[in-house]
Amino acid sequence: MSIEIANESGVDVDETSIVSAARYALDKMEVSPLAELSILLVTLDVMEDLHERWMDLPGPTDVMAFPMDELDSSRRPDAPDASPALLGDIVLCPAFAKDQAKTAGHALIDELHLLTVHGCLHLLGYDHAEPAEEREMFALQKRILGEYQDAVAALEKRDAQRNTDDRVLGIAGLDAGAPATEPPAAETP
């Protein structure tokens, strides 16, 4: 799956993890690995312009999704004849999301992951205009985001254990790739 990201927002964020969240969501939704997605991070002014121009709503917003019009009929994974395609664009506004993250009590990157998953679902044809649609989309969003966070935590735990194991093996002189180091000297009373 090809996912391009461009950060024009002026806010320093972990772009790799945003791409990872998008890839995870699209994999969970069984989107073709040949699909393409573009993610753009913008300033408040740019987002406000997009929001007014495309949604006819005042002020900036947190996320907007621009699906490719000619692909509407094959976007959802349960739709017939799904095929490789250019999914569209997700536009995120980190400056707007920063306040939402603070209110929610989590980090900005966590909010951007949530908004990325939200944008992916919009590109796949999900919406939240009606109560039933909202329940379906937000339940799916919550499940995907929770599974993503669990997968990231498991990966971080595995990497931490691997680093500890490598350090111990190095101290014991059993790491073939690194020179043996002396264990710290025991203190004498």
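Just after helix H4 (108-123), Gly125 takes a positive phi of about 100 degrees, with helices (H or I, at least four residues) and strands (E, at least two) taken as DSSP runs numbered from the N terminus. The model is predicted, so local features need pLDDT of at least 70 and side-chain atom pairs count only at pLDDT 80 or more, while totals for chains, interfaces and linings use all residues. Residues are numbered from 1 along each chain as its sequence is written, and side-chain values use heavy atoms, with hydrogens and water left out.

Of its 16 residues, 12 are buried, where buried means under 20% relative accessible area, exposed over 50%, and partly exposed in between (1.4 Å probe, protein chains only). Among the buried residues are Leu108, His113, Thr116 and Gly119. Their cover includes H1, E2, strand E3 (63-67), E4, helix H3 (94-104) and H5, contact being heavy atoms within 4.5 Å.

A nonpolar core is a set of buried Ala, Val, Leu, Ile, Met, Phe, Trp, Tyr and Cys residues joined through side-chain atoms within 4.5 Å. The largest one has 32 residues, and those with the most contacts inside it are Met29, Leu37, Ile39, Ile90, Leu92, Leu112 and Leu121. Helix H1 (15-28), strand E2 (36-41), strand E4 (86-92), H4 and helix H5 (131-171) each supply at least two residues of this core, with the largest share, seven residues, coming from H4. Apart from this core lies another, of six residues, including Val42, Met47, Val91 and Cys93.

Turning to charged pairs, a search of the whole structure finds three salt bridges, each a side-chain nitrogen of Lys or Arg within 4 Å of a carboxyl oxygen of Asp or Glu. Glu147 pairs with Lys28, the closest N and O atoms being 3.3 Å apart. Glu147 lies in H5 and Lys28 in H1, so this bridge ties together parts that are 119 residues apart in sequence.
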